[in-house]
Amino acid sequence: MARRLIRNTSVVVTMDDDRREIAGGEVLTDGGVILAVGTGLDPAGAEVVDARGAVVTPGLVNTHHHLFQTLTRAVPAAQDAALFGWLRTLYPIWARMNPDDIRLSARLGLAELALSGCTCSSDHLYLFPNGARLDDSIQAAAEIGIRFTATRGAMSIGESRGGLPPDSLVENEPAILRDCERVISAFHDPTPGAMVQIALAPCSPFSVTRELMRDAAVLAREKGVRLHTHLAENDEDIAYSLQTFGMTPGDYAESVGWTGDDVWHAHCVKLSPAEIALFARTGTGVAHCPCSNARLASGIAPVRAMRDAGVPVGLGVDGSASNDCSHLGLEARQAMLVARLRDGPAALGAREALEIATRGGARVLGRRDIGHLAPGMRADLVLWDMGDLPAAGHWDPVAALIFGAPIRPRAVYVEGRAVVQDHRLATADAPAIATDAARAVRRLMS
């Protein structure tokens, strides 16, 4: 990877500590690292990229996904269901998937994310049918070329024991913990610039035991990895927690060691003011998934209150079966809109939504090396094509990224490598992925 100078931009949105926006800004990178951000940078020895008219931002960061679901979008029987009914409809389909399906589904979702300007994604894989392993989605991420936090999920309480998933999709808890140790040893890279990191992620309080939650927390801290699960997603979730544990989801999380700056929870739609204060006090993060929450009628998360209290908040597209697309730009727009619907027209501005999608997501994933553009940070950045029709007529090109229709990235760089170039996926054959996905869907439907 050669030295590269990106110049002639409309504006560079750094998201640095001062939130600088540099009109006509330039970014100089060398390999996977940013050397300088400013104007008048020395082009000597660098490949010069003419970014005329483009807005440059840090890469977007996706903090919650279920990539295996990308092959089960818009399933008719699940289109109008709430969370628990939606899951019960889809579990039997997911049980038919094989390792090739898991890899293909992940490739499809990650390709779509890259084309939306995403340079780093988390993935929550919590079921392993027919020999599938976390390794399958990690392989897909390497092929597409974006940073990846692979979370080793799990379900251990099946229907016969009062849980939600069918018994065929649950695992033995000692085996879960053994495989957690295996994937940490095999794949986790704690160093700056890591392309793959591992987190431990028992699926939810209604699909694993209290003991597994505690054991996973102990193991994660022993190994120096993060923790992730679903929490307080909707009214059914709250009712289950109160009936089963006699406490709210936030209090339950604290009781099993699941608060702290090494933990992030997905959704948190129904967090109470006391739980928000708990998360702020402990540095516990939240993956806000507004499209999925609207799709399943779960509600609107209190993001304004969380941000004001100091809770780390990032964005998550969630599984493609509950969002039906993997587009992080649309997620940021939805976050802005639903925050205003809940708390008024000034509740969330375009720049704050973009900050949540970049710097906020990096913080939630514990990544101090990405999320803003500054010397020493990794070379993860996006060139947004403001010559596209959806950008026309906007007075504020930065706000246009959030307020308007999706603007296509002209280029997306991860660790200095072009993952998207000239609006096209540069690391894989997108039409071939789509053809393979159509074939897999026909098989799963039959």
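The structure is a predicted model, in which local features need pLDDT of at least 70 and side-chain atom pairs count only at pLDDT 80 or more, while totals for chains, interfaces and linings use all residues. Residues are numbered from 1 along each chain as its sequence is written, and side-chain values use heavy atoms, with hydrogens and water left out. Helices (H or I, at least four residues) and strands (E, at least two) are DSSP runs, numbered from the N terminus.

**Helix α15**

- Helix α15, covering residues 430–445, has 16 residues and reaches 22 Å from its first C-alpha to its last, close to the 22 Å expected at 1.5 Å a residue; the expected span is 1.5 Å times one less than the number of residues.
- Ile433, Ala437, Ala440 and Leu444 are the buried residues of α15, where buried means under 20% relative accessible area, exposed over 50% and partly exposed in between (1.4 Å probe, protein chains only).
- The buried residues of α15 pack against α1 (83–94), α2 (99–115) and α3 (134–144), whereas the face turned away from the buried side carries the exposed residues Pro431, Arg442 and Met445.

- Strand β4 (residues 26–30) is joined to β5 by 5 bridges and the two run antiparallel, with Leu28 standing opposite Ala36 in β5.
- Another open sheet, also described as mixed in its pairing, is formed by 7 strands in the order β3-β2-β7-β16-β17-β18-β19, and its edge strands, each pairing on one side only, are β3 (21–23) and β19 (424–425).
- Strand β18 (residues 417–421) runs antiparallel to β19 and is joined to it by 2 bridges, and Val420 stands opposite Leu425 in β19.

**Salt bridges**

- A search of the whole structure finds 35 salt bridges, a salt bridge being a side-chain nitrogen of Lys or Arg within 4 Å of a carboxyl oxygen of Asp or Glu.
- Arg359 forms a salt bridge with Asp17, and their closest N and O atoms are 2.6 Å apart.
- This pair links distant parts of the chain, 342 residues apart, with Arg359 in helix α13 (residues 350–364) and Asp17 in the loop between β2 (11–13) and β3.
- Arg359 counts as partly exposed at 21% relative accessibility, whereas Asp17 counts as exposed at 60%.
- Asp308 and Arg304 meet through their side chains in a salt bridge (3.0 Å, N to O), and both lie in helix α10 (residues 303–309), 4 residues apart, about one turn of the helix.
- Within that pair, Asp308 counts as exposed at 58% relative accessibility, while Arg304 counts as buried at 19%.
- The side chains of Arg351 and Asp396 also meet in a salt bridge (2.9 Å, N to O), which links Arg351 in helix α13 to Asp396 in the loop between β16 (381–385) and α14 (397–403), 45 residues apart.
- Arg351, at 33% relative accessibility, counts as partly exposed, and Asp396, at 28%, counts as partly exposed.
- Salt bridges that share partners join Arg19, Arg304, Arg307, Asp308, Glu352 and Glu355 into one network.

**Single residues**

- Thr119 is found in strand β9 (residues 118–125) and counts as buried at 1% relative accessibility.
- Leaving aside residues up to four places away in sequence, Thr119 touches Gly59, Leu60, Ile146, Arg147, Asp380, Val382, Val412, Tyr413 and Val414, contact meaning heavy atoms within 4.5 Å.
- Met15, in the loop between β2 and β3, has a phi near 55°, a positive value in a residue other than glycine, and is buried with a relative accessible area of 5%.
- Ala232, in the loop between β12 (226–231) and α6 (235–245), has a positive phi near 50° and counts as buried at 0% relative accessibility.

Terms used:
Two strands pair if DSSP finds at least two bridges between them.
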